Amino acid sequence: MRTLLVTAATLAAAASTAWVASPPPQLARSGTMLRGAHFGRHELVRISFLAPVPGRRRLRTTALGTFATPLPPFDPCVESLQVVVRGAHGELVRLKLPPRQCPVP
């Protein structure tokens, strides 16, 4: 009986330390590229650009769960851009790029 309790306690401790929460998926702008991280390995993601000209793309992430794709052409001084990325496992990540306050020429 005592061996059974020790075994159960050991398994419970191993299970609690083995589970580590992975960081949530993230989006970032890097120059003219949209970069995503912390998605599933080789996961199919759907990218929707909501403004100024709506568009969609589908691509697969790398073995590390990352991707990079060019942003659609837009004027960051005048227009805002909204990006929605949906992962195959139900992840939903949004990124809003508001217009900058550029100096008037």
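Contact is taken here to mean heavy atoms within 4.5 Å. In the predicted model, Leu34 meets this criterion with Leu27, Ala28, Ile47, Phe49, Phe67, Ala68, Thr69, Leu71, Val83 and Leu95, when residues up to four places away in sequence are not counted. Leu34 also belongs to the largest nonpolar core, a set of 16 residues. Within this core, the members that touch the most other members are Leu27, Leu34, Ile47, Phe67, Val83 and Val85. Strands S3, S6 and S7 are the elements that give two or more residues to the core.

The three contributing strands are also part of an open sheet of four strands, arranged in the order S4-S3-S6-S7 with antiparallel pairing. Strands of a sheet pair through backbone hydrogen bonds, in either a parallel or an antiparallel manner.

Strand S6 (81–87) pairs with S3 through five bridges, the two strands running antiparallel. Six bridges connect S6 with S7, again in the antiparallel sense. Strand S6 is mostly covered, with five of its seven residues buried. Strands S6 and S7 form a hairpin in which four residues lie between them. Gly90, located in the turn, has a positive phi of about 95°.

Val84 in S6 stands opposite Ser48, and the bridge partner of Val84 in S7 is Arg94. Gln82 has Lys96 as its bridge partner in S7. Ser48 itself is found in strand S3 and counts as buried because its relative accessibility is 18%, the cut-off for burial being under 20%. The contacts of Ser48 comprise Gly55, Arg56, Gln82, Val83 and Val84, with residues up to four places away in sequence not counted.

The loop between strand S3 (44–49) and strand S4 (55–60) contains Pro54. Pro54 counts as exposed because its relative accessibility is 64%, the corresponding cut-off being over 50%. The C-alpha atoms of Pro54 and Pro72 are 9.3 Å apart in space, while the two residues are separated by 18 residues in sequence.

A search of the whole structure finds one disulfide. This link is formed by Cys77 and Cys102, whose sulfur atoms are 1.9 Å apart. The angle about the S-S bond is -80°, and the link of Cys77 and Cys102 is left-handed. Cys77 is placed in the loop between strand S5 (67–70) and strand S6 (81–87), whereas Cys102 belongs to the segment after strand S7 (92–97); the pair therefore ties together parts that are 25 residues apart in sequence. Both cysteines have intermediate accessibility values: Cys77 counts as partly exposed at 33% relative accessibility, and Cys102 counts as partly exposed at 30%.

Note on methods. Residues numbered from 1 in each chain as written. Predicted model: local features only at pLDDT ≥ 70, side-chain atom pairs only at ≥ 80, totals over all residues. Heavy atoms only, no water. Buried < 20%, exposed > 50% of the residue type's maximum accessible area, 1.4 Å probe, protein only. Disulfide = S-S within 2.5 Å. Pairing = 2+ DSSP bridges. Core = buried A, V, L, I, M, F, W, Y, C linked by side-chain atoms within 4.5 Å.
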